[in-house]
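Dear colleague,

I am passing on the structure below, and my notes on what was found in it follow directly after. Please read them with the coordinates open beside you.

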Amino acid sequence: MIFGTLPILFSCRDFSFQSYVKGEVVASVGDNELYYENISGVIGPGLSYEDSVKLINTCIDNWVKNQVKSQFAEEYYNGDLSEIERMVAEYRNSLLIFKYENEYICARLDTAVTAKEIDDFYLKNRTEFTLPASLVKAVAVKVPNGSRQESAMRNLSRSTRADNIQDIVDIAIKNDMDYIHYGTWTDYNEIISFMPQLSQQQYHDIQTKKGFYEVSEGGYRYMLTVIDILPEGGIMPLSMASTQIRKIILNKRRSELLRNLEDSLYSSAQRRGNIYLRDKPETQNPDNDENE
């Protein structure tokens, strides 16, 4: 039997379950019952009467539909739920273990990783940190054709000296020119996105050769200075690898804590006599010895 109670007894002035008493059934499907206290907390402050009614109706309808599906599913399997019960037991154990381990780790894990620890790890394992794409340090500026600053910008862009790079930035700012300046290692594609359409050779050269590049398009001259390059497949700089290294160090600490916990619990269970193991079979079949 399916029974549902519509929330028509609520007060419009003060929406609540005043017409229900604690322990009263608001819906039932077969022997399963939904009680007032199961849904009394779904209505938050500030909801209108209409919205509250819709929310309660939705909760009741969803509960009824799930119960109906559950009962039909149980009938389909003719009461043989041993596989479901086994899966539920395994899932329950997994949740218990996860929760216990997580609380154990949170209470004991030292999350402070020093710069020296990161440096030491990087020096010992730097070959494992390879670049998936080229990195560059560069400055680029978009100069209008015929600008008074065109010649000066070109001359400055032919040098990778720090003071010349800063002059490019200063002139671009003063003359309201579009520019980019990456003094730290940056993905090659960030630089390329500033430039107009390039030839395949230009794309290749910018990834592999430091120096000055100039491209003209749409009344502008794009001047690019590639200050330095780290090629694809090269060693990742420490500044980029540090976040990854910190995660690795913390994961190792976490794994060590879990191993210690497992060993401690196993030893404790052995001392209390909670573990029984049959003698393991010999690795070598004794019948083979007799036949020799």
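**Helix packing and strand pairing**

Helix α3 (residues 82-108) packs against α9 at an angle of about 120 degrees, with the two axes 10 Å apart; here axes are lines fitted to C-alpha atoms, for helices over the stretch in contact, and angles run from 0 to 180 degrees between N-to-C directions. This is a predicted model, in which local features need pLDDT of at least 70 and side-chain atom pairs count only at pLDDT 80 or more, while totals for chains, interfaces and linings use all residues. Residues are numbered from 1 along each chain as its sequence is written, and side-chain values use heavy atoms, with hydrogens and water left out.

α3 and α9 are therefore oblique to each other (angles under 35 degrees count as roughly parallel, over 145 as roughly antiparallel, 65 to 115 as roughly perpendicular and the rest as oblique). Tyr 100, Glu 101, Tyr 104, Ile 105 and Arg 108 of α3 meet Arg 254, Leu 257, Leu 258, Leu 261 and Leu 265 of α9, where contact means heavy atoms within 4.5 Å. The residues of this contact divide into seven nonpolar, no polar and three charged (Ala, Val, Leu, Ile, Met, Phe, Trp, Tyr, Cys and Pro count as nonpolar, Asp, Glu, Lys and Arg as charged, and the others, Gly among them, as polar).

Helix α9 (residues 238-271) also packs with helix α4 (residues 115-125), at an angle of about 100 degrees and with the axes 9 Å apart, and α4 and α9 are therefore roughly perpendicular to each other. On the α4 side the contact includes Ile 118, Phe 121 and Tyr 122, and on the α9 side its residues include Leu 238, Ile 245 and Arg 253. By class, the contact of α4 with α9 has eight nonpolar, one polar and four charged residues.

The axes of helix α5 (residues 150-157) and helix α6 (residues 162-174) come within 9 Å and cross at roughly 150 degrees, and these two helices are therefore roughly antiparallel to each other. Met 153, Leu 156 and Ser 157 from α5 meet Asn 164, Asp 167, Ile 168, Ile 171 and Ala 172 from α6; by class, this contact has five nonpolar, two polar and one charged residues.

Turning to the strands, four of them form an open sheet in the order β5-β4-β7-β6, with antiparallel pairing (two strands pair if DSSP finds at least two bridges between them). β5 (179-187) and β6 (211-217) stand at the edges, each with a single partner strand, so one side of each is left without a neighbour in the sheet. Neighbouring strands of this sheet are turned by 15 degrees against each other on average, direction ignored. Six bridges join strand β4 (residues 135-144) to β5, and Val 136 stands opposite Thr 186 in β5.

Elsewhere, strand β2 (residues 25-29) and strand β3 (residues 32-35) pair in the antiparallel sense over four bridges, with Val 29 opposite Asn 32. β2 and β3 form a hairpin with two residues between them, and Gly 30 in the turn has a positive phi of about 60 degrees.

For the chain as a whole, the secondary structure comes to 10 helices and seven strands; helices (H or I, at least four residues) and strands (E, at least two) are DSSP runs, numbered from the N terminus. Buried residues, those under 20% relative accessible area with a 1.4 Å probe and protein chains only, make up 29% of the 292 residues. Among contacts between residues at least 6 apart in sequence, 64% join residues at least 24 apart.

Methods:
Buried means under 20% relative accessible area, exposed over 50%, partly exposed in between (1.4 Å probe, protein chains only).
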